[in-house]
Structures are given as C-alpha cells and as structure tokens.
Amino acid sequence: MVSSQAVELLRNELPLEQETLLLSGSITTGLVLVDIVNGFCTVGSGNLAPQAPDRQISEMVDESAKLAREFCDRNWPIYALLDSHHPDIPEPPYPPHCIAGTDESELVPSLQWLENEPNVTLRRKDCIDGFLGSLEKDGSNVFVDWVKTNEIKVILVVGICTDICVLDFVCSTLSARNRGLISPLEEVIVYSRGCATFDLPINIARDIKGSLAHPQDVMHHVGLYMAKGRGAKVVSEVSFRN
Ligand SMILES: [Zn+2]
C-alpha cells in the first residue's frame, strides 16, 4: 500500500477534527517551540536531518517562525527547546545527532533571531521528552517555572517530530496538569501545520537493519491523533485579534 492510500485509510478510521484558534491576549498564552534546530530541519545537517528539501518540514519552520514573530511583537512568552547532546552520551535508538556546540543543535536560520529576544526562554535538552528535559538536578523544572512565572493558561505547541518529541512533551505536560503540578496551565493546543515529522518509507527502511518504517504523512497524522486522544486540542489555523 502506498503512503497516500494509507493516509486515506487512516483519515477514515482515525478521523481527526481540527479547530481554529483565535488569540486575543485575554488569556495568557505561551508558545512552545520543540526542537526546531538544524539537526532535524536543515537539509544535509547530520544523521537526522532531511536529505532533500521536505515540504512538511519547510511548512513547519515557516509557520513556527510566523507565530514566533507574532508572539514577540506582543511580548508574549516563548519557550524554545533545543535538542543538544554530549558527544559521548548516545541516545538510543537514534544515531548521533544535534551534538552540543555544533550547528546541528542551533535554531534554524529563520529562528536564530529569537536568541536575543527578552520574552524567549531557551532550554537545551538531551532527551526526547522536553518536559523531562526541563528538569534540573535540584528537582525544579524550568518549563514549569516558566508557566508559573508568566501565569500561562494556554500553551500552543509547534515543532518536530509530531509523533516523537512534540507528542511526548504534550503527554507529559497533560499528565502534570492533571496532577496539579503545573498551575495555572489549563490547556495544551497543538498546531498541526506548525508540526512535522521525518520520512522513512517502508521500501527504504526495509534495507536498513533494525530500522522502523516511518512514513511521514501517516506518522504525522498518528502523532496529532494521539495528542488529541490524550487531551490536547488540535488546530489547523491560528489567527490573532489585534
Ligand atoms: Zn536527541
């Protein structure tokens, strides 16, 4: 079965209703950028980067950059996770990627300006789940503190990969919210066009020992569907009321 037929089947069997989101500023909303770094997004930038221009990933980067600009213009809080690994500590099952100190672990060129914005908190992490990756040795959590300090009620999540780092972060955050660990956060919203995942079709995966097939459109849909199943809202459009 080719990927497009599989997506068609999925859309029938796992229909995903998406909403639209209008942000007015009346409810404090924070933007979370998950791993929009060269090592996952920029062509040729290491083992886990796309090998050729990728439509889904390019759209994710463009949409995230647009949102980041809107949030900065309004001085609304942004939390940016950056995958960053010590060269001697592997992250199975993945090959080496986003090694600290290399370009792979830096924000993509269209987001690099965020490093100098006062409303942006950057957090380097060396695990899939950015919620766990925000834990400090003393048990405090930089993400939880960011939510509390800014009195954030809603987070809007974008980034890569829809079904991996984005999903794990969303699930952990929802569990933390349900346990009352992250007040005053009420709602987690995933913007579908601001998310992307990588493509490893079955015909290629078959020839790579130990690899799992990962057809992009299928896994993107599954990631969004699972996020919604855990209690996130999924939106296909975000607009701002001035
Ligand atoms: Zn990693």
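## Annotated domain

UniProt, in an unreviewed entry, places the feature "domain: Isochorismatase-like" at residues 30–199. UniProt positions follow the numbering used here, feature names are shortened, and annotations may be inferred rather than shown by experiment. The end C-alpha atoms of residues 30–199 lie 29 Å apart. The span is 27% helix and 20% strand.

This is a predicted model: local features need pLDDT of at least 70, side-chain atom pairs count only at pLDDT 80 or more, and totals for chains, interfaces and linings use all residues. Residues are numbered from 1 along each chain as its sequence is written.

## Overall fold

The chain has seven helices and seven strands. Both are DSSP runs, numbered from the N terminus: helices are H or I with at least four residues, strands are E with at least two. From the N terminus, the order is α-β-β-α-α-β-β-α-β-α-β-α-α-β. The radius of gyration is 17 Å, close to the 18 Å that the globule rule gives for 242 residues, so the chain is as compact as a globular protein of that length. That radius is taken over C-alpha atoms; the rule is 2.2 Å times the number of residues to the power 0.38.

Buried residues make up 39% of the 242. Buried requires 20 or more other C-beta atoms within 10 Å of the residue's own; exposed means 12 or fewer, and partly exposed lies in between, with C-beta atoms placed from the backbone. Among contacts between residues at least 6 apart in sequence, 75% join residues at least 24 apart. A contact needs C-beta atoms, placed from the backbone, within 7 Å.

## Strand β5

Six of the seven residues of β5 are buried. β5 pairs with β2 in the parallel sense over six bridges. Pairing takes at least two DSSP bridges. Leu31 stands opposite Leu156 in β5.

β5 and β6 also pair in the parallel sense, over six bridges. Val157 has Val190 in β6 as its bridge partner. From β5 the chain crosses through helix α5 (residues 165–178) to β6, a right-handed β-α-β crossover. Right-handed means that, with the strands pointing away from the viewer, the path from the first strand over the helix to the second runs clockwise.

## Helix α3

Helix α3 (residues 55–73) has 19 residues. Its buried residues include Ile57, Met60, Val61, Ser64 and Phe71. The buried residues of α3 pack against β2, α2, β3, β5, β6 and β7.

Asp73 sits in α3. Asp73 is exposed because 10 other C-beta atoms lie within 10 Å. α3 is followed by Asn75, whose phi is positive, near 60 degrees.

Methods: Expected span 1.5 Å × (residues − 1). Contact = placed C-beta atoms within 7 Å.
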